[in-house]
Amino acid sequence: MKPIQDLGQNMAIEKEIMDSKDFVRTESFSLRLRPTGARKVTEEFNSVMNGKVEYRKKNSSWGSVLLFKSRELSHQLVGKRKTVEFSKPVYVGERDDTDFMRKKIIDMPYTEWKKMGFSKGTLHYIKQSTKSDKPFTLNKHVKERMKLLI
């Protein structure tokens with residue numbers, strides 16, 4: 001199992017929150033986090049722990065579920081409880097984009113985009129975001145006009 005710090009670092013690097021300035025190379029050529037990098041990892045990990053998950057038909061944060069499960073395990077270890085329930089919580093994703101929306105944006109010609117009242121540069125930027133396979137968001141006014149096309 002990876003240490004928690006490694007987990008947070010990987011999330012921050014994948015989301016391009018961190019860069020090379022957040023690391024320092026030691027005399028033994030290993031990488032260490034600078035204080036700014038450590039702060040970014042901590043913030044990213046906290047945002048994941050505050051993410052919502054459905055557990056026992058309620059929306060809870062990951063942190064709350066982990067606390068509850070560790071308490072349940074400790075009660076089982078000291079004999080207060082006979083069994084531990086190992087059900088897998090369901091992650092509740094908050095994504096604005098869908099595969100259909102991605103396809104619609106990629107296939108949209110610039111002339112149709114101009115008729116909607118947007119600039120060519122805006123469509124270019126959104127197309128780059130959709131091609132990257134990472135989650136993307138749209139501004140409110142763009143999202144409203146896109147929903148009219150769908």
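How many helices and strands does the secondary structure of the protein comprise? In this predicted model, the secondary structure amounts to 7 helices and 5 strands. Along the sequence, these elements are arranged in the pattern α-β-β-α-β-β-α-β-α-α-α-α.

Of the 150 residues in the protein, 26% are buried. When contacts between residues at least 6 apart in sequence are considered, 46% of them join residues at least 24 apart.

The largest nonpolar core contains 12 residues. Its members are Met101, Ile105, Met108, Trp113, Met116, Phe118, Leu123, Ile126, Phe136, Leu138, Val142 and Met146. At least two residues of this core come from each of helix H4 (99-107), helix H6 (120-131) and helix H7 (140-149).

A separate local feature concerns phenylalanine 29. This residue is placed in the loop between strand S1 (23-25) and strand S2 (31-33). The phi angle of phenylalanine 29 is near 65°, a positive value in a residue other than glycine. Is the residue at this position buried or exposed? Phenylalanine 29 has a relative accessibility of 66% and therefore counts as exposed, the cut-off being over 50%.

Note on methods. Residues are numbered from 1 along each chain as its sequence is written. This is a predicted model: local features need pLDDT of at least 70, side-chain atom pairs count only at pLDDT 80 or more; totals for chains, interfaces and linings use all residues. Side-chain values use heavy atoms; hydrogens and water are left out. Helices (H or I, at least four residues) and strands (E, at least two) are DSSP runs, numbered from the N terminus. Buried means under 20% relative accessible area, exposed over 50%, partly exposed in between (1.4 Å probe, protein chains only). Contact means heavy atoms within 4.5 Å. A nonpolar core is a set of buried Ala, Val, Leu, Ile, Met, Phe, Trp, Tyr and Cys residues joined through side-chain atoms within 4.5 Å.
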